[in-house]
Amino acid sequence: MKVYEDADGKAYVRGGRQELLFGSQRSISPPDWNNTRRTFNGVRGYYQTKEWDFDLFWVQPVIPHPTRIDSIDHKQHFAGAWVTHRPEKGQFRDFYYLYLDNANSTTQQGIGRAPINVHSIGTRWAGDKCNVLYDAEAVMQYGEARDQAICAGAFSGGLGYNWADLPMNPIFWLYYDVASGDQNPNKGGYHTYSQLFPFGHYYLGWIDVVGRQNIQDINAHVYLYPTKWITLNAQFHQFSLVSSRDALYGASGAVLRRDATGKAGRDVGQEIDLIANFHMNKYTDFLVSYSYLRAGNFLQQTGSGIDPQALSCMVNIRW
């Protein structure tokens, strides 16, 4: 419902079941890669102008269920304020505050994950200038998890360049991603970053072994555009744990592997992703990808030691 309009912009209120997508999608996203896109029930108000967007929301996550109508998780409340400034074409400044209250009791491989109430304060600056590309985002978290004080954070920084005059319009990016972990889970303060509701698949490897918690990732990306309807992308990721005593968390945020002694080390491995997207027409895209993760010492000593691989195809139809 449109509730206000002036010479600069318009304001709307939206209630009910809805998707949320903000900024880089590192914290809030309805990822296309899931069989069921992430949705929430609640209310959102937003005011948009040519240069500014202002958003306020309060929602509860919807839990997909295979045999009955999906319903909300009454023990989770997610709220926030998000401001986006576009000073020039292709440049973005995000400033946001997010609050998650999860009253569920969850323990995974000896690590207490919830109940938790966490406040996230973050900013992102991204854009391009004279073919130089940049993307930097920092988040600080505080609150309480299982009666432990939270002090956590994450940072992502990347620099790129677009050789716009060369054939296939090549673009190269170099990124560093880090999300804090905990040296002594369940004791003292709580230092593991909470990734909230991200599109992790896009940023931390297409095999989805790695989530944005207790992780360091040095990664490089190359994009090529042989024609207007073909995009080629190659990625390399060097993954390592921040804390060897904390866990490796997957794209969903769940604990995948852990060595409580820390003897398995911090080396998760190196991943290569090769992706091709074919834009068939304005309604249809066809994407194919191949990914290979060379298991590092941590994966070898906490599992089978087999190097994960993934071949995927996806058809996207819009109307």
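## The second largest pocket

In this predicted model, the second largest pocket is lined by 24 residues, and those lying nearest its centre are Asp32, Phe199, Tyr202, Trp206 and Leu287. Its volume comes to about 580 Å³. At least two lining residues each are supplied by helix H1 (200-203) and by strand E13 (230-240), strand E16 (267-279), strand E17 (284-295) and strand E18 (309-317). Sorted by class, the lining of the second largest pocket holds twelve nonpolar, nine polar and three charged residues.

## The largest pocket

The largest pocket has a volume of about 880 Å³, and its lining is made up of 35 residues, with Arg38, Leu196, Phe197, Ser252 and Gly253 nearest the centre. Two or more residues of this lining come from each of strand E4 (52-63), strand E7 (92-108), strand E8 (111-129) and helix H1. The largest share belongs to E7, which gives five residues.

Divided by class, the lining of the largest pocket consists of 16 nonpolar, 14 polar and five charged residues. Phe197, one of the residues nearest the centre of this pocket, is also a member of a cluster of aromatic residues linked by ring pairs.

Strand E9 (residues 132-145) and strand E10 (residues 148-162) pair in the antiparallel sense, and 14 bridges run between them. Within this pairing, Tyr142 has Cys151 of E10 as its bridge partner. The hairpin formed by E9 and E10 has two residues between the strands, and Arg146 takes a positive phi near 50° there.

Strand E10 is also joined to strand E11 (residues 171-179), again in the antiparallel sense, through nine bridges. In this second pairing, Tyr161 stands opposite Phe172 of E11. In a regular strand, side chains alternate between the two faces of the sheet.

## Aromatic pairs

The structure holds 18 aromatic pairs. One of them joins Tyr4 and Tyr47 in a tilted arrangement, with 6.3 Å from centre to centre and 50° between the planes. Because Tyr4 lies in strand E1 (residues 2-5) and Tyr47 in strand E3 (residues 40-49), this pair ties together parts that are 43 residues apart in sequence. Tyr4 itself is partly exposed, its relative accessible area being 44%.

Phe22 and Trp82 also form a pair, here a stacked one, with 5.2 Å from centre to centre and 20° between the planes. Phe22 lies in the loop between strand E2 (9-18) and E3, whereas Trp82 lies in strand E6 (residues 76-85), so the pair ties together parts that are 60 residues apart in sequence. Both partners are buried: Phe22 has a relative accessible area of 4%, and Trp82 has one of 2%. Phe22 and Trp82 belong to the cluster formed through ring pairs, together with Phe40, Phe57, Phe78, Tyr96 and Phe197.

## Arginine side chains over rings

Arg26 lies over the face of Tyr203, at 4.3 Å from the ring centre. In the other contact, the charged end of Arg44 sits over the ring of Tyr46, 4.5 Å from the centre of that ring.

Note on methods:
Residues are numbered from 1 along each chain as its sequence is written. This is a predicted model: local features need pLDDT of at least 70, side-chain atom pairs count only at pLDDT 80 or more; totals for chains, interfaces and linings use all residues. Side-chain values use heavy atoms; hydrogens and water are left out. On a 1 Å grid over the protein atoms alone, a cavity is a set of points where a 1.4 Å probe fits but cannot get out, and a pocket is an open set with protein on both sides within 12 Å along at least five of seven lines; lining residues have an atom within 4 Å of a point. Grid points are joined across faces, edges and corners, and a volume is the space filled by probe spheres set on the points. Helices (H or I, at least four residues) and strands (E, at least two) are DSSP runs, numbered from the N terminus. Ala, Val, Leu, Ile, Met, Phe, Trp, Tyr, Cys and Pro count as nonpolar, Asp, Glu, Lys and Arg as charged, and the others, Gly among them, as polar. Two strands pair if DSSP finds at least two bridges between them. Rings of Phe, Tyr and Trp (its six-membered ring) pair if their centres lie within 6.5 Å; planes under 30 degrees apart count as stacked, over 60 as edge-to-face and the rest as tilted. Buried means under 20% relative accessible area, exposed over 50%, partly exposed in between (1.4 Å probe, protein chains only). A charge sits over a ring if NZ of Lys or CZ of Arg is within 6 Å of the ring centre and within 35 degrees of the ring normal.
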